[in-house]
Amino acid sequence: DSIDSTAAETRGIRVCRTPNAFTHPVADTVLGYILCFARNLPFMDRAMKRGEWKKIPGRAMNESTIGVIGVGAIGTAVLQRAAPFGATLLGYDIREIDNQVVSSTGVRMIGLEDLLAQSDYVSINCDLTETSFHLMNDDTFALMQPHAVVINAARGPVIDEKALVKA
């Protein structure tokens, strides 16, 4: 989305996509963030470095709900990594998701509003399109639980930054 495709085309420069080149590393990173926040690892690390030995309670994955917005290649890979932890898995996508993905991961496909209201962790993995621009805004952030964590593995403009700061 940062390449001026029209300018490239007029100059005879070929622009190519590399689908799935980063699917696994991005999904690994998303699950890593979820685990860090579930177990409060960044906060415990900071406390230890300050010389404090605090027992900071965390959340067990099998007591958590992970919502995935955009169940394409990366969203599916996130679900595949999260499934063995026993979390409740919710998915939302504007397109029909293959039954194989649903059955192999145990994801329950639901509406966006319900996913946001029920999820402890929300992984955003959708493409940046007209329908996803500022998908996360004042209204959608208001649907979320106060403790919920959003991990944006999509493009920046999927989130309205002012709404994020306010939330």
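Mentor: First, helices here are DSSP runs of H or I with at least four residues, numbered from the N terminus. This is a predicted model, where local features need pLDDT of at least 70 and side-chain atom pairs 80 or more, while totals for chains, interfaces and linings use all residues. Residues are numbered from 1 along each chain, and side-chain values use heavy atoms, without hydrogens or water.

Trainee: Okay, what volume does the largest pocket have?
Mentor: About 1100 Å³. Arg17, Ile74, Cys126, Asp127 and Arg155 are the closest to its centre, out of 36 lining residues. A pocket is an open set of points on a 1 Å grid over the protein atoms alone, where a 1.4 Å probe fits, with protein on both sides within 12 Å along at least five of seven lines; lining residues have an atom within 4 Å of a point.

Trainee: Which helix gives the most to that lining?
Mentor: H4, with three residues. Helix H2 (23–38) and helix H4 (73–82) each supply at least two.

Trainee: And how does the lining of the largest pocket split by class?
Mentor: There are 18 nonpolar, twelve polar and six charged residues.

Trainee: Switching over, how much space is in the second largest pocket?
Mentor: About 220 Å³. Helix H7 (138–142) and helix H8 (161–166) are the elements giving two or more residues to its lining.

Trainee: Which residues line the second largest pocket?
Mentor: Among them are Asp138, Phe141, Met144, Leu164 and Lys166. By class, that lining has nine nonpolar, one polar and two charged residues.

Conventions
Grid points are joined across faces, edges and corners, and a volume is the space filled by probe spheres set on the points. Ala, Val, Leu, Ile, Met, Phe, Trp, Tyr, Cys and Pro count as nonpolar, Asp, Glu, Lys and Arg as charged, and the others, Gly among them, as polar.
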